[in-house]
Amino acid sequence: MKLILPMSLIATTLAIAPVRFDREKVFRVKPQDEKQAEIIKDLAKTNELDFWYPSATHHVAANMTVDFRVSEKESQAIQSALDQNNMHYEILIHDLQKEIEKQFDVKEDIPGRHSYAKYNNWEKIVAWTEKMMDKHPEMVSRIKIGSTVENNPLYVLKIGKKNERRKAIFMDCGIHAREWVSPAFCQWFVYQATKTYGRNKIMTKLLDRMNFYILPVFNVDGYIWSWTKNRMWRKNRSKNQNSKCIGTDLNRNFNASWNSISNTNNPCAENYRGSAPESEKETKAVTDFIRSHLNEIKVYITFHSYSQMLLFPYGYTSKLPPNHDVLAKVAKIGTDVLSTRYETRYIYGPIKSTIYPTSGSSLDWAYDLGIKHTFAFELRDKGKYGFLLPESQIKPTCRETMLAVKFIAKYILKHTS
């Protein structure tokens, strides 16, 4: 039987060619004072700047490192403006399209076999979840916790002994579509946990006494879009009322002081908060799942990139959480342990003072819900590649991060009831 597609659908599909980034640049600027910070904000009003770090214009402050992407057309004007105002800057990436292509610098090991050294698209990740269940039926189960706007499934993999309610850790990856090294870590974690059970003393002990819930890709629609249409896509793919702009930043959509920080109410902005807390199907699926397993879940960990940080609450207030000392201690040892493998240096601290203020984040929401150990990893690197970390750095990133995650899990096992 022939499948006949409506002409309008064919036309729409053909009309959206993948975005190219030829000769686009990524600048790094460090404003020396508030006046220079204001200059960057003014440039953002008159030019299309895609902020890589921090995530939005309004976070820009004196003495902060600011990374942003600019089109080939506008880069000359930006450079002139920075020069005229005697602002110190460097160009991290001279041709973004070339860097995107250079990301794939690892050759496929064995065709058909899932590779943990490469970035995998959503199709491959779904096939991999099935493979993990088939390979380790006694240890891995797959739970469909909901679906996305575009009707893709949201899968959580449960790693641990079947049908036993024990302490658990919930981990999610890929809440922001373009942060590809994050889903790569979730896949690596599942692979290593199942592979080393019975061989590695720590992992065996952890899996004998705990469960792990892993959401390998939180923002599935956005992730697919970043593979097929726009590598720099961040948000999900929901339609916004009274706006042509698509997508909500899922990490501003949680009910944790939602909308308390201004400038997240523009549907065209990269950090748009959504129309209401939990307005997005993805957010709702995750919050419902965590709430229904609240008596088990002792730790919530979310993985982002980039900037090499280990963060904990709060983002929406300068007030420190009651167990701040414990969180700081765990983060300090976690980052120390992480650095033992390749001497990668991470900094740690509360979101607001360490990175920038945020409202509606998953981390603060999980903490306020009652999960008193919540952490966010900002994985490699510090900006040389930004969101385009080459595949050759996937394994080193995963190996060092694994050390920190195992330490956190061990600590929780020992210190929580």
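1. A contact here means heavy atoms within 4.5 Å. By that criterion, asparagine 230 touches Val19, Phe21 and Trp225, leaving aside residues up to four places away in sequence. The model is predicted. Asparagine 230 sits in the loop between α8 (220-228) and α9 (281-292). Its relative accessibility is 14%, so asparagine 230 counts as buried, the cut-off being under 20%. The side chain of asparagine 230 also reaches the backbone nitrogen of methionine 232, at 2.9 Å.

2. Glutamate 278 belongs to the loop between α8 and α9 too. Glutamate 278 is buried, with a relative accessible area of 14%. Check its backbone: phi is near 60 degrees, a positive value in a residue other than glycine.

3. Now the annotated position. The UniProt annotation "active site", from an unreviewed entry, covers Glu378. Glutamate 378 is part of strand β12 (residues 373-379). Is glutamate 378 buried or exposed? Glutamate 378 is buried, because its relative accessible area is 10% and buried means under 20%.

4. What does glutamate 378 touch, not counting residues up to four places away in sequence? Its contacts include His304, Ser305, Tyr306, Ser307, Gln308 and Met309. Leu311, Tyr346 and Ile355 are also among them. The side chain of glutamate 378 reaches the backbone nitrogen of tyrosine 306 at 3.5 Å.

5. Serine 307, one of those contacts, deserves a look. Serine 307 lies in the loop between β9 (297-305) and β10. Phi of serine 307 is positive, about 140 degrees, although the residue is not a glycine. At 7% relative accessibility, serine 307 counts as buried.

6. The sheet comes next. It is open and has 8 strands, in the order β5-β6-β8-β7-β9-β12-β10-β11, with mixed pairing. Its edge strands are β5 (140-147) and β11 (347-350), each pairing on one side only. Neighbouring strands are turned by 20 degrees against each other on average, direction ignored. Strands β7 (residues 167-173) and β8 (residues 210-215) run parallel and are joined by 6 bridges. Lysine 167 has methionine 210 in β8 as its bridge partner.

7. Helix α5 (residues 122-135) packs on it and touches β5 and β6 (153-159). The direction of α5 makes about 140 degrees with that of β5. Helix α10 (residues 324-342) lies across β10 (309-312), β11 and β12. Helix α10 runs at about 35 degrees to β12, the strand that holds glutamate 378.

8. Helix α10 also meets helix α13 (residues 394-415). Their axes come within 8 Å and cross at roughly 145 degrees. The crossing of α10 and α13 is right-handed. On the α10 side, the residues in contact include Val326, Val330, Ile333, Val337 and Leu338. Among those they meet in α13 are Leu403, Ala404, Phe407 and Ile408.

9. One joins proline 313 and tyrosine 314, with omega about 5 degrees. Tyrosine 314 is in the loop between β10 and α10. Another joins arginine 380 and aspartate 381, with omega about 0 degrees. Aspartate 381 is in the loop between β12 and α13.

10. Last, tyrosine 191, in helix α6 (residues 181-196). Tyrosine 191 is partly exposed, with a relative accessible area of 23%. Tyrosine 191 touches Tyr116 and Met132, again leaving aside residues up to four places away in sequence. The C-alpha atoms of tyrosine 191 and tyrosine 116 are separated by 8.4 Å, and the two residues are 75 residues apart along the chain.

Notes:
Residues numbered from 1 in each chain as written. Predicted model: local features only at pLDDT ≥ 70, side-chain atom pairs only at ≥ 80, totals over all residues. Heavy atoms only, no water. UniProt positions renumbered as here; feature names shortened; annotations may be inferred. Helix = DSSP H or I, 4+ residues; strand = E, 2+ residues; numbered from the N terminus. Buried < 20%, exposed > 50% of the residue type's maximum accessible area, 1.4 Å probe, protein only. Polar contact = N/O pair within 3.5 Å; in protein donor to acceptor, adjacent residues only side chain to side chain. Pairing = 2+ DSSP bridges. Axes fitted to C-alpha atoms, helices over the stretch in contact; angles between N-to-C directions. Left-handed = near helix turned anticlockwise from the far one by under 90°.
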